[in-house]
Each structure stands twice: as structure tokens, then as C-alpha cells.
Amino acid sequence: MEPPSAGFDALYRACVGDLFAYVRTLLRDDAAAEDVTALAFERAYRRRERYDAAKGTQRAWLFGIARNAALDELRKRGRTTALEHDVPGDPAVDDPLVHAERSARRAQVRVAMERLGARDRELIALKFFAGLDNAELAEVLGVSESNAGTKLHRAMTKLRSACDVTA
Amino acid sequence: MSLRRNRLDDTAVAELDALDAALRGEAVAPEHADLAMLVADVRDVAPQATPAFLAELDARVREGFPPRDDAPAAAPRAPRPRRRLLFGGGAIAVSAVIAVAVVVSLGDDQAPLTSETVVNEAAAPAASAPAPSTAGRAGAAAPEAAADSSESSAAVAPAPAPTEDPALGRERRSVERSATLDLTVPADEVQSTADAVVRATDRVGGIVQTSSINVGEGTPGEARFELRVPSGKLDEALAAYSKLGSVANRTQDAQDITSAVVSAEDLLSDARAERRGLLRALGQADTRREVESLRARLRIVRADIARREAALRSVRARADLATVAVTVRGDGDGSGGSSGADDEGWSVGDAARDAGRLLEVAAGALIVGLAAVLPLLALALVAAGTARYVVRRRRERGLDAT
């Protein structure tokens, strides 16, 4: 694996969108999510020499840094803000009926995620937004891989139930 | 995956596998179509960073995150000890503990690092157990004997010398002298040293009364001698013997046998006087029976005189010839020539022994140091793990509050 000092830019390009989505899901605040995302990349850049490939992937290492920064931000603020980001439109869909159906489903998912607990919401973000595999998930959360799988399945089941309820 | 299967049922495992497939953009089984749709829907609501933010962050990444002008001046932060520094400090602490242990150990055990000559204190009895009639003289000689025992290479200490005892009214006292001498030589020099002992004895006019030499492969070798040397040349003989090897032990004893000599002389004198009286009586005898009786008595007295002369010679020989017991032992390692050099300097053999001893002490100190450090290290690891857990829990407390 390429060391982070040499491939930091590639790591940044590959992860910046997913990382922002994950942090934003945790913080539910655009400005804070931007600050924490930038802070996470800066910390990763400054600590890139300390990355140990034997302990996991660069992606998991980066998301671990972001998680700590986001949790520190949450703890510092001691409060939460409502999920208020604007979901981008779907420019590829021109059919008004299809567009309306998908908008409705997105609305259901947004509400369903709002109903999830923070830990479940974090798991969904790490899995669905960041695309981490279960080993990376375990590394970020500091649990075993089997435990991460169990937690993820539980969170996914809750999300599906919440979506059914809101349907 | 195997661990996951241990906790999740097959349905759950299949769903997670389908989830991974859907996230990778792969097709999923029809029964998991809703899961694929859920993935698409959730990804549709993924928060998006604004282009302005991305542009700004891109620039900062390209520039290597320079300090921002609008960033609040951060208070100077005390440098956090890095793990390497902690390990380095730990290593230094362990080294210090070991070094202190080594120093303490060496301080308590200096002797093995220096060449030493084992000197048997048995020389003292020569002075502390003097001959009965020379107690005063022997008592005065005690310090000399003690000094001799502390210096193996010292000159021969004067043995208790016979002295005049006015109470006895004799011009010369008879003293029986004896000595023991233990020599250590390299194992391969026992035989040659034994030969040298014999030659030295011959030079002073002494005799080898008994000898026993045991030299062979795999044994350090030993030679024992029971020697008789003229008492007047005992000191000369001992000096010659002492030069043949390293003196491990040396004792001298003197016993006044003047009484025994005088007694033997008196008995002999009495017998001779009786013979003279018998001879005079024989010259004056008148009858045959009287003559026969005196001659029988003379035969008895002559035999008695012969016995008493032998006894007198024997007791005088005890004073004339000193008994010397010499033992020559080969040293255990058979390193030739090193023993004789022990008293003269620090040899390569000494250095090797000292180095071995130093390593032995260092290894012992290391073990002791580890015994002391390992529990502390275990406690530190437990504390570090606990601290990490506490920090994680504290961070996640903010997550639970949302």
C-alpha cells in the first residue's frame, strides 16, 4: 500500500465527499461539518507519517480521525441541530412522476434516519455513505469485526423498519 | 466473516453480503431487491459538500495546510509526549534500574573482580599453640605468625626459637620443629614442582621420608611429601619450597623437648654409672658365685645402656631434624602459569574470569530489574487501555446526547 505521505492527495480525492457526508450525518450542521472535515484532513496530513498499514486501511484510519474530531465537536457543543441540509435534486430524472416518487422516497429515508439513534445513524453513514467494509467499520468504531457486523445489521433493520413506518 | 457468522443467523449474513454487493454496484438476488433500493435511497440523501468548501479545501490540501489567516491564535500548547518518547523514557528508566542494580551488586561483591590469593589462617595455631615450655616466646611470636598468614608471599616467619631457661640450668635447649606448606601450581606443573621439592630437600641435606604423587589426565594433580630436614636449615628449606608455587597455606610449630632429652641423657648416665660400679665390684669379687652374679647383672645393664642410647639418639634426632609436610596441588582449570602470576598482576585469565563474573552479575541484575519493571509495565498497559476506553466513552457520550 502506498504510504499516506506519497498518496495523501489521492486519499483526499477518494474520501472527501464520503467523509463530509459522514461528518455531516453525525453533526447535522453544515458549517460544523465543513470545519470538522477540514480539520480531519489537516490532522491526517500532519500525522501521515504515523500511519501504520499493519493496523488497517488508510480509509479506516482517516475516518477514525474524522470520528474523533466530530465527537469532540459534539461534546464541545453539547447540543445538536436539526437535519436541515438540502438534498440535491436528481438532474438525470426528467419524468415528473418518477421525480416525485424518488423525492418521496428520499423524504422517507430522511425522516427514517432522523428517527434513528446517533450510533445507528453513524453506522448507516459509515456503511452507506463511506462504503467501509466491516473490518474498516470495526477499526473506526473500536470494536471487533463480528460485533461491527451485528451492530450494522441491527441498524439496517431499524432503518428499514423506520422507512416502512414512514411509508 | 467467520466471526460474523457466529453471531448472526444465515439470513442476516445474506443481507449483509447483499448490502456489500449493492454498495459495490453489483446485482443482488431478487429477495434483496428492496435492500438495493434502500442503498440507492440512502445514498441519494447523502449530504453533499458545497463547491465553495471543496474548492477551499482543495487549495489547502495542495498547499499542505498552511496556517489560516482567519484562524484564531491558538494558545501555545504544551507538546504532548509521544509514544516513542514514552518508550524511550521507559527504556532509560529500565536501564537506570539495571545500572543501579549492577553497581549495588558489584559494591557488595568486589572480591570476585580482583585476583585473590586464598590464604589459610591456619598459620595462627603455630603461635597460639606453642610448646608448653616456650609459651612466653610463642605468645610474642603470634603477631608475626598472623602477619605471615595474611601475606602469602611474605618472607618466612621466624619459628619459635629455643631459648635458655635458667630454671633448668642447661646451656642448650632442645626444640622439635615442624612445618606444613601447601603450594598451588598449574595442573601441568605438579610433577615438575614435585621434582623441585626433592631437589630442594637434597640441597639442605634433608631426606624424603614419604612421598605420594598423583598426576593424570582430567585431574588437577597432587603431590604429598613428608620430609625431614636439618632443623638449622628449616627456614632455608621453607624459603626454597615457597618459591616453587603459590603458597596457599603455611604453618610452623616448635615444641620444646629439652626435658625428654635430659631425661634420656640422665637415664643413660645412670645406666653407665651402674655399669662402672658393677665393673668395679667385679674386680673385687672373691667367689665364683659372686662373679657370676655380677656378670649377669652387667649383661642386663649393657642391654639397658644400649636401649637408652637408642632412645637418646631418637629424641635428639627429633630436635636435629625438622618434619616438613609439603603438599603440591594443581589448580582446577589447568591454565598453566596463571597461579604464579596472581600475586604479580592482572592477567588475561583474570580478565576473562572478571568478564564472566561481570556478565553473570549483569544478567542477575537484568532479571531482578525485569522482575521489578514487568509488573509496573503490566500496570501501565492496563492503565493505558483504561485511559483509552475512558477517552472513547467520553467522546461517544456526545454521540449519545444527539
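**Exercise 1. Classify Asp120(A) by its relative accessibility, then describe the salt bridge that joins Asp120(A) to Lys158(A).**

Solution. 
Step 1. Asp120(A) has 12% relative accessibility and therefore counts as buried, since buried means under 20%. The model is a predicted one.
Step 2. In the salt bridge between Lys158(A) and Asp120(A), the closest N and O atoms are 2.9 Å apart.
Step 3. This pair links distant parts of the chain: Lys158(A) belongs to helix α7 (residues 145-166) of chain A and Asp120(A) to helix α5 (residues 118-129) of chain A, 38 residues apart.

**Exercise 2. Describe the make-up of chain A in terms of secondary structure, burial and contacts.**

Solution. 
Step 1. Chain A has 7 helices and 0 strands. Along the sequence the pattern reads α-α-α-α-α-α-α.
Step 2. Chain A has 167 residues, and 52% of them count as buried.
Step 3. Among contacts in chain A with a separation of 6 or more, 66% are between residues 24 or more positions apart.

**Exercise 3. Work out where two salt bridges of chain B sit: Arg329(B) with Glu222(B), and Arg307(B) with Asp304(B).**

Solution. 
Step 1. Arg329(B) and Glu222(B) form a salt bridge with an N to O distance of 3.1 Å. The pair links distant parts of the chain, with Arg329(B) in strand β5 (residues 321-330) of chain B and Glu222(B) in strand β3 (residues 222-230) of chain B, 107 residues apart.
Step 2. Arg329(B) is partly exposed at 32% relative accessible area, and Glu222(B) is partly exposed at 24%.
Step 3. For Arg307(B) and Asp304(B), the N to O distance is 3.2 Å. Both residues lie in helix α11 (residues 288-320) of chain B, 3 residues apart, which is about one turn of the helix.
Step 4. Arg307(B) is exposed with a relative accessible area of 54%, whereas Asp304(B) is buried with 17%.

**Exercise 4. Describe the interface of chain B and chain A: its area, its residues and its salt bridges.**

Solution. 
Step 1. The two chains, B and A, bury about 4700 Å² between them, and 62% of this is on carbon and sulfur atoms. In chain B, the residues that lose the most area to chain A are Pro47(B), Arg395(B) and Leu399(B), together 15% of what that side buries.
Step 2. Chain B gives 45 residues to the contact and chain A gives 58 residues.
Step 3. The interface has 9 salt bridges. One of them joins Arg105(A) to Asp41(B), with 3.0 Å between the closest N and O atoms.
Step 4. There are also 16 residue pairs in polar contact across the interface. On the side of chain B that touches chain A, the largest share, 9 residues, comes from α3(B).
Step 5. A network of salt bridges links Arg67(A), Arg119(A), Glu122(A), Arg393(B) and Glu396(B).

**Exercise 5. Locate Leu377(B) and name the surface patch that includes Leu377(B).**

Solution. 
Step 1. Leu377(B) lies in helix α13 (residues 348-400) of chain B.
Step 2. The relative accessible area of Leu377(B) is 44%, so this residue is partly exposed. Patch residues need over 30%.
Step 3. Together with Leu366(B), Leu370(B), Leu374(B) and Leu381(B), Leu377(B) forms a nonpolar patch on the surface, with about 450 Å² of accessible area together.

Notes
Residues numbered from 1 in each chain as written. Chains lettered and ligands numbered in written order. Predicted model: local features only at pLDDT ≥ 70, side-chain atom pairs only at ≥ 80, totals over all residues. Heavy atoms only, no water. Patch = residues over 30% accessible without salt bridge, like charges linked within 9 Å, V, L, I, M, F, W, Y side chains within 5 Å. Areas by Shrake-Rupley, 256 points an atom, 1.4 Å probe, with all protein chains shown as cover. Salt bridge = Lys/Arg side-chain N within 4 Å of Asp/Glu carboxyl O. Helix = DSSP H or I, 4+ residues; strand = E, 2+ residues; numbered from the N terminus. Buried < 20%, exposed > 50% of the residue type's maximum accessible area, 1.4 Å probe, protein only. Contact = heavy atoms within 4.5 Å. Buried area = accessible area lost by both parts, 1.4 Å probe. Polar contact = N/O pair within 3.5 Å; in protein donor to acceptor, adjacent residues only side chain to side chain.
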